[in-house]
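This report looks at aromatic ring pairs and at the setting of one further residue. The sequence and the structure are shown first.

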Amino acid sequence: MLPGALLLALAIVPGFVPGFGPVGAVVTGASTAPVREDRESLQAYLLRLRTQRDLILGAMRGQVDGLVEDLEGHATSRDMPGMDSARAKLVQLGPEAAPLLVEKLDPGTSPTDPERLRAGAIALVLAELQAEAITQKVLEIAQSGSIEGRQNAIRVLAASPDPDRAAPVLVGIYRAGFPELRPMALTALARLSAPIAREALEEAIGDARPEVVRAALDALAAAKNASLSNRILRITATPGDAFRVLDSLLDWYRAVAESVDAAHVAALVKLAGDPSAPAKERARVLEVLPRFAKKFDADVKKSLRAIAESPAREMREGALVVLVLAGDKNARRELLQEFDDRITRNDGYAPAYEERGNIYYRIGDYKEAVSDYLLAVRYSAEDLRARRDTAYIGLARCYARMGKLKEAAKTIENAPLTAEQLSGLKGDPAFAKLVEDPKYREIFKIR
């Protein structure tokens, strides 16, 4: 397939039909004369093609350079909306602009922050344009550029329209073992459909080193790739393997929730019930299970009931939360009974309301959670020994989950939180819409 710029140039060359060459160029028998004429004709067309391509690139260069300057200007002032706008305008120019942009993909060995941001933005543009014409240049940067240039090139190759050329280079980068590049190479491979990409990921999943397995799982999660589901099931079904890569394993399950089948659900429940692991780790497995509640069968519910009998509080509560979210009304009463009793014994005790609010939040009953968090805030103001920050955070989370962004933002602004706490809330999934919204992102000290 010819790249867009070349096809555009060919389109204005009289007599050219893409895919067939010049009209009227006919090879007849074994005679050498027609072949020579055909070659001469092709050379003429290619010369005209190169001329037209150069004219197109020349005409675009000023516009491209202007937008790149805008991009760097916004990067210098940390104007992210401005960068987004300049990047969108570059994308609108189409794949014909890619040969002019690829020159700026590598920021060099000692880039300034604006140069680094500009190069990263250009990588995003090139990934979106998916221009086959620049594949060779991107491959060269991926293999021999600066570290940041190679990282940018890998991002572009993850969306390559020529996966059969991109994948072998990415496999080579993965196998070279550079810590700055290996995870990115695996993530790119997880997005490509080439057979060699799948083979490399399967190799990484089966590696004896936990850090390599984690990188592979992270890559598959980032790409929402469930193609190695059967191989990952073997990890989940082996507690010794599963718990040493638990964070990445659970992230993969969250990313591909729609592809998780009954066998995986059963393996996760069994993993949560494994007595060889600490209760804290097993409780984290329970946290991912509500996503698959529709796939629970009688055996799964029976196993969760058994876990709910655990003497460890986090296990008991975790299992009951899962059962509540799966529609078990008896589990809801059991879960809340302890907290109701505690409040009955001491009606003005702020922590008791906050703890019950936390439970309501976990089962998605945000309205009841808001009531408890408001009482916790009220009573904590009257008790110098009580913490107030966590109740405010819980209240803000509820408002955010309910779509009440204004109330959530106001609650965070009124909360007695440190700058470090505010910054830490940026990564909380409950506040994702607040972080994305220009009206509210300032409350997290985002610049």
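## The Y253 and F292 pair

In this predicted model, Y253 is buried, and F292 is buried as well. The two residues form an aromatic pair of the edge-to-face kind, with 6.4 Å from centre to centre and 70° between the planes; the angle is over 60 degrees, so the pair counts as edge-to-face.

Y253 belongs to helix α14 (residues 246-255), whereas F292 sits in the loop between α16 (279-288) and α17 (298-307), so the pair ties together parts that are 39 residues apart in sequence. Ring pairs also bring in W252, which is linked with Y253 and F292 into a cluster.

## The F431 and F444 pair

The structure holds five aromatic pairs, and one of them, formed by F431 and F444, is tilted, with 6.0 Å from centre to centre and 45° between the planes. F431 lies in the loop between α24 (419-424) and α25 (432-436), while F444 is found in the segment after α25, so this pair ties together parts that are 13 residues apart in sequence.

F431 has a relative accessible area of 0% and is therefore buried. F444 counts as buried too, at 0% relative accessibility.

## The setting of K367

K367 is part of helix α21, which covers residues 366-381. With a relative accessible area of 66%, K367 is exposed, because the cut-off for that class is over 50%. Between K367 and M402 there are 8.6 Å in space, taken from C-alpha to C-alpha, although the two are 35 residues apart in sequence.

Methods
Residues numbered from 1 in each chain as written. Predicted model: local features only at pLDDT ≥ 70, side-chain atom pairs only at ≥ 80, totals over all residues. Heavy atoms only, no water. Helix = DSSP H or I, 4+ residues; strand = E, 2+ residues; numbered from the N terminus. Buried < 20%, exposed > 50% of the residue type's maximum accessible area, 1.4 Å probe, protein only. Phe/Tyr/Trp six-rings, centres within 6.5 Å; stacked < 30°, edge-to-face > 60°.
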